Amino acid sequence: MLGEKENAGHIEIDRMSLLPPVVDDARADLALRELAAAWQFQLTGEQCSALLTYGRLLLQWNSHINLTGAGSLPVLIAEHFPDSFVLASRLRDNRDITTLVDVGSGGGLPALPLALLLERLQVHLVEPIAKKTAFLRTAVRSLGLPDRVRVAGVRLDAFAQEHPEPFDAAVSRATFHPQDWLSAALPLVRPGGTVFALSTSADLESPAGWLPASAIPYASRRRWVHEFKRST
């Protein structure tokens, strides 16, 4: 069978067969560099390598547990990495934001690429599903991020009790309706802190406790990142 070989009566997975084809690697590298240039990021060789390593690891685990709808590394970069880059573009010049919590982290998007892009960030990933938590912990170790990225395998209410100190910023992707996320994020963020809501709509109401700061279109205006500041 393709991708397997016999060894002393056992079947072993040929790890090389699990990697994307070489042509996909070349396309992915080009797509990543073009994406970075579009957001005016000059990636170091180390950052580029780490982002590609993360993508390969995510796709490898995706064959066993549902982490992403992307079927190849170039598609992952083109369709899912823009969320991380748009957030990084909003945060890179804001030195007041050094801590961030990502709720419902799943496969680590957008927070893990964001942590690789902004090396000053201390990031907490909150994901209650054990299989996804296992992936996140593996990814954090593989990317050399254990000093800056923590993984909490609990639900949001339990995490909030365990971490009463508020964060500078919070984000969640595809876990809440954007409007519900603004309500859930309020106790997580300090007064004056920032919450990001990722949406396909240009309009998002500002609930009590939040002041709208910006709404940025990206991905050919198919998506928007809404930025709110906590007012109370």
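How much accessible surface does the protein chain have, and what share of it belongs to carbon and sulfur atoms? The accessible surface comes to about 11600 Å², and 52% of it belongs to carbon and sulfur atoms. Accessible areas come from the Shrake-Rupley method with a 1.4 Å probe; for residues, only the protein chains shown count as cover. The model is predicted: local features need pLDDT of at least 70, side-chain atom pairs count only at pLDDT 80 or more, and totals for chains, interfaces and linings use all residues. Residues are numbered from 1 along each chain as its sequence is written, and side-chain values use heavy atoms, with hydrogens and water left out.

The protein chain contains eight helices and nine strands. Helices (H or I, at least four residues) and strands (E, at least two) are DSSP runs, numbered from the N terminus. The radius of gyration is 18 Å, close to the 17 Å that the globule rule gives for 232 residues, so the chain is as compact as a globular protein of that length. This radius is taken over C-alpha atoms, and the globule rule is 2.2 Å times the number of residues to the power 0.38. Along the principal axes, the C-alpha atoms fill a box of roughly 65 × 40 × 30 Å.

Of the 232 residues, 49% are buried. Buried means under 20% relative accessible area, exposed over 50%, and partly exposed in between (1.4 Å probe, protein chains only). Contacts were counted between residues at least 6 apart in sequence; 62% of them join residues at least 24 apart. A contact means heavy atoms within 4.5 Å. The side chains include 23 positive and 25 negative ones, and the centres of the two sets lie 2 Å apart. Lys and Arg count as positive and Asp and Glu as negative, while His and the chain ends are not counted. The place of a charge is NZ of Lys, CZ of Arg, CG of Asp or CD of Glu.

Two helices were compared with their expected span, which is 1.5 Å times one less than the number of residues. Helix α2 has 18 residues and should span 26 Å; its end C-alpha atoms are 26 Å apart, which agrees. Its buried residues include Q47, C48, A50, L51 and L52. Y54, G55, L57, L58, L59 and N62 of α2 are also buried. Helix α6 (residues 130–142) has 13 residues and should span 18 Å; the distance between its end C-alpha atoms is 18 Å, in agreement.

In α6, the buried residues are T133, F135, L136, T138, A139 and V140. An α-helix has 3.6 residues a turn, so residues three or four places apart point the same way. Cover for the buried residues of α6 comes from elements including α2 (45–62), α5, β4 (122–126) and β5 (149–152). T133 is buried at 3% relative accessible area. Beyond four places in sequence, T133 touches E127, P128, V151 and G153. T133 and G107 are 26 residues apart along the chain, and their C-alpha atoms are separated by 8.5 Å. Just after α6, G144 takes a positive phi of about 70°.

A115 lies in helix α5. A115 is buried, at 0% relative accessibility. Leaving out residues up to four places away in sequence, A115 touches V123, L145, R148 and V149. A115 and E46 are 69 residues apart in sequence, with 13 Å between their C-alpha atoms. H124 sits in strand β4. H124 counts as buried at 19% relative accessibility. Neighbours within four places aside, H124 is in contact with L100, V101, D102, R150, F159, H163 and F167.

Most residues other than glycine have a negative phi, and most peptide bonds are trans. The peptide bond from L109 to P110 is cis, with omega near 10°. P110 falls in the loop between β3 (99–103) and α5 (111–117). A219 is not a glycine, and its phi is positive, near 50°. A219 lies in the loop between β8 (210–218) and β9 (223–230). S220, also in the loop between β8 and β9, has a positive phi of about 55° although it is not a glycine. S220 is exposed, at 70% relative accessibility. H64 lies in the loop between α2 and α3 (73–79). H64 is exposed, with a relative accessible area of 69%. H64 and F228 are 164 residues apart along the chain, and 37 Å separates their C-alpha atoms.
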